[in-house]
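Please read the following report alongside the sequence and the three-dimensional view. It moves from a helix to a sheet and then to charged side-chain pairs.

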Amino acid sequence: MTHDVYQEKQIIKYIDGKLIQIEDTIANEFPLTLYVNKEEFATIVCTPKYLRELALGFLASEGVIRKHRDIKNFHLDDSKGLCHIELTNEVDTTQAQFTKRMISSCCGKSRQFYFINDMKAAKVATTVRTISPNEIFHLMHTMQSQSTDFKVTGGLHNAAISDGKDFYLHRNDIGRHNALDKLYGHCILNNIPIKDKVLIFSGRISSEILIKASKIGVGIIISKSAPTDLAIGLAKDLNITAVGFVRNDTFNVYSHPERIVTE
């Protein structure tokens with residue numbers, strides 16, 4: 001069953017001193033419930049597209065799986081919003097493990113994780129990849145030019161992953177984390193190496209987004225928006241180059257500038 005990303009609805013718009021009825025394009029929300037080894041694990045509210053990728057990426061970022069081979073059986077019933085995943089091994093998927101708050105130093109330094117699964121699944125980047133300013137501008141322009149659903153609805157987050165040359169993949173979702181999970185899930189599903197890739201993002205680089213990038217395994221993240229102070233600290237500790245405010249012919253580098261190579 002195919003669900004639409006958006007739909008048309010009648011709304012009231014105030015314009016030129018009058019209230020008028022018009023048709024507007026609204027982004028759709030869709031609840032997807034994941035069952036892992038017959039136990040209910042999580043419900044993700046998402047854009048109803050690329051749901052298999054979303055489920056795989058979400059489970060990988062939560063530390064439940066690492067590779068596609070960790071999945072024994074996978075059944076998606078998108079007509080009911082249900083996804084049943086059987087793993088090759090028994091995994092403790094109790095909610096307490098994934099929602100319990102904790103304070104833990106990051107890589108022995110001063111930064112802090114707040115959830116147990118974040119500490120377990122986050123990776124220190126090992127990439128040796130570098131990137132030029134022209135590549136940064138080109139990747140951001142490419143993602144923005146492909147963000148057609150956002151332009152129609154104004155209600156979606158956009159993300160892409162690329163090696164700057166032959167590989168480029170774009171996904172969007174009402175949830176910013178979901179967009180990243182879809183990219184991660186696609187790479188897991190197709191056994192695509194990740195550590196040499198660049199993550200391109202439309203929104204703010206918060207600590208949560210930075211941790212998600214570290215779970216995916218990329219060493220460079222670029223955004224048209226700003227980072228937070230905690231995200232910058234985590235990026236420094238996790239060896240991730242964080243680039244923000246990519247607009248026109250300028251950008252800011254907040255961590256590990258050695259990967260930015262000028263001509």
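The buried residues of helix α1 are Leu 51, Glu 53, Leu 54, Ala 55, Leu 56, Gly 57, Phe 58, Leu 59, Ala 60 and Ser 61, where buried means under 20% relative accessible area, exposed means over 50%, and partly exposed lies in between (1.4 Å probe, protein chains only). Because 10 of the 11 residues of α1 (residues 51–61) are buried, the helix is largely enclosed by the rest of the structure. Just after α1, Gly 63 takes a positive phi of about 80 degrees. Helices (H or I, at least four residues) and strands (E, at least two) are DSSP runs, numbered from the N terminus.

This is a predicted model, in which local features need pLDDT of at least 70 and side-chain atom pairs count only at pLDDT 80 or more, while totals for chains, interfaces and linings use all residues. Residues are numbered from 1 along each chain as its sequence is written, and side-chain values use heavy atoms, with hydrogens and water left out.

An open sheet of mixed pairing is formed by 4 strands in the order β4-β3-β6-β5, two strands being paired if DSSP finds at least two bridges between them. Its edge strands are β4 and β5 (71–77), each of which pairs on one side only. Within this sheet, β3 (residues 30–36) and β4 (residues 39–46) run antiparallel and are joined by 7 bridges, with Thr 43 in β4 as the bridge partner of Thr 33. The hairpin of these two strands has 2 residues between them, and there Asn 37 takes a positive phi near 50 degrees. By a parallel pairing over 4 bridges, β3 is also joined to β6 (residues 82–87), where His 84 is the bridge partner of Tyr 35.

The structure holds 6 salt bridges, each defined as a side-chain nitrogen of Lys or Arg within 4 Å of a carboxyl oxygen of Asp or Glu. The table lists some of them.

| Salt bridge | N to O distance |
|---|---|
| Lys 72 and Glu 86 | 3.7 Å |
| Asp 173 and Lys 182 | 2.7 Å |
| Asp 196 and Lys 197 | 2.8 Å |

In the salt bridge of Lys 72 and Glu 86, Lys 72 lies in strand β5 and Glu 86 in strand β6, so the pair ties together parts that are 14 residues apart in sequence. Lys 72 counts as exposed at 52% relative accessibility, whereas Glu 86 is partly exposed, with a relative accessible area of 32%. Asp 173 counts as buried at 0% relative accessibility, and Lys 182 is likewise buried at 0%. Asp 196 is partly exposed, with a relative accessible area of 33%, while Lys 197 counts as buried at 5% relative accessibility.
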